[in-house]
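Trainee: I'd like a close look at one part of this model, side-chain surroundings included. Pick a spot and walk me through it, please.

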Amino acid sequence: MVAFLDDEIAIRILIDTDAFCKLAIGGVLRDSLKLFGADLSECGRLPALPHMLRRGGLRTRYGPERCDSLLLVAMDMLVIESLDDSYLDLLIDIPDIDPGEAQLFAKAADTDLHLVTGDKRSLRALKNVEGMSDALSGRIVVLESLLLELCETLGFEEIRQRIQGLGQFDNVVRVCFSEYNDDPVDCLMSYFHGLAEEVRPLTLWQPISDSSA
């Protein structure tokens, strides 16, 4: 299913700020979107993303040069607009779900779109919100599952080379793609299954490459 903005431009997938930054820094953003039949111009983001890249926490965390580069990418994406208040009302006052993430969860629930997220804290809170696990079942995509699928399609050595600079910002990447780890796929699978159990009854998007599905 696709969602349409007022000018009939289709959004095919949603992405949160954390996942956007990490996938783009790792050089795998476009390949990740292709897994869902989408390109950058069909990816929906929060309206505040460009502002966050120009100043504030993201600029401190990733540095001005990276954020300036990410800003150019973000401007090619679509901005989510209208939301279903019935879903948003369930989420907006939950302390561990920030307002931006609440908007994305509500949009995904209302449109049947997949949402790529790096916010594990919000997922742990989301599992306890009545009705949301059913509304979002199988459509929440985490970084671990994306990297598993990319390792399957592009090869783990290719992925290891691309995301070398991401380890300083993401613990899972640092551990799984360490030079001392000969099996990043098994490591990613372990992290993914651990998270999947932790957020039940919410069902995460399952990588096709996971033979235990």
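Mentor: Let's start at Ser32: a polar atom of its side chain sits 2.7 Å from the backbone oxygen of Val28. Bear in mind that this is a predicted model, where local features need pLDDT of at least 70 and side-chain atom pairs count only at pLDDT 80 or more, while totals for chains, interfaces and linings use all residues. Residues are numbered from 1 along each chain as its sequence is written, and side-chain values use heavy atoms, leaving out hydrogens and water.

Ser32 belongs to helix H2, residues 29-34 (helices are DSSP runs of H or I, at least four residues, numbered from the N terminus). With 3% relative accessibility, Ser32 counts as buried, meaning under 20% relative accessible area with a 1.4 Å probe and protein chains only. Skip its neighbours within four places in sequence, and Ser32 is in contact with Leu23, Leu146 and Leu150; contact here is heavy atoms within 4.5 Å.

Now for Lys22, which lies in helix H1, residues 17-25. Lys22 is buried, at a relative accessible area of 9%. Its side chain and that of Asp170 are joined by a polar contact of 2.9 Å (a pair of N or O atoms within 3.5 Å; within protein, one must be able to donate a hydrogen and the other to accept it, and residues adjacent in sequence count only if both atoms are side-chain atoms). Again leaving aside neighbours within four places in sequence, Lys22 touches Arg61, Tyr62, Leu143, Leu166 and Phe169, as well as Asp170.

Technical notes. Helix = DSSP H or I, 4+ residues; strand = E, 2+ residues; numbered from the N terminus. Buried < 20%, exposed > 50% of the residue type's maximum accessible area, 1.4 Å probe, protein only.
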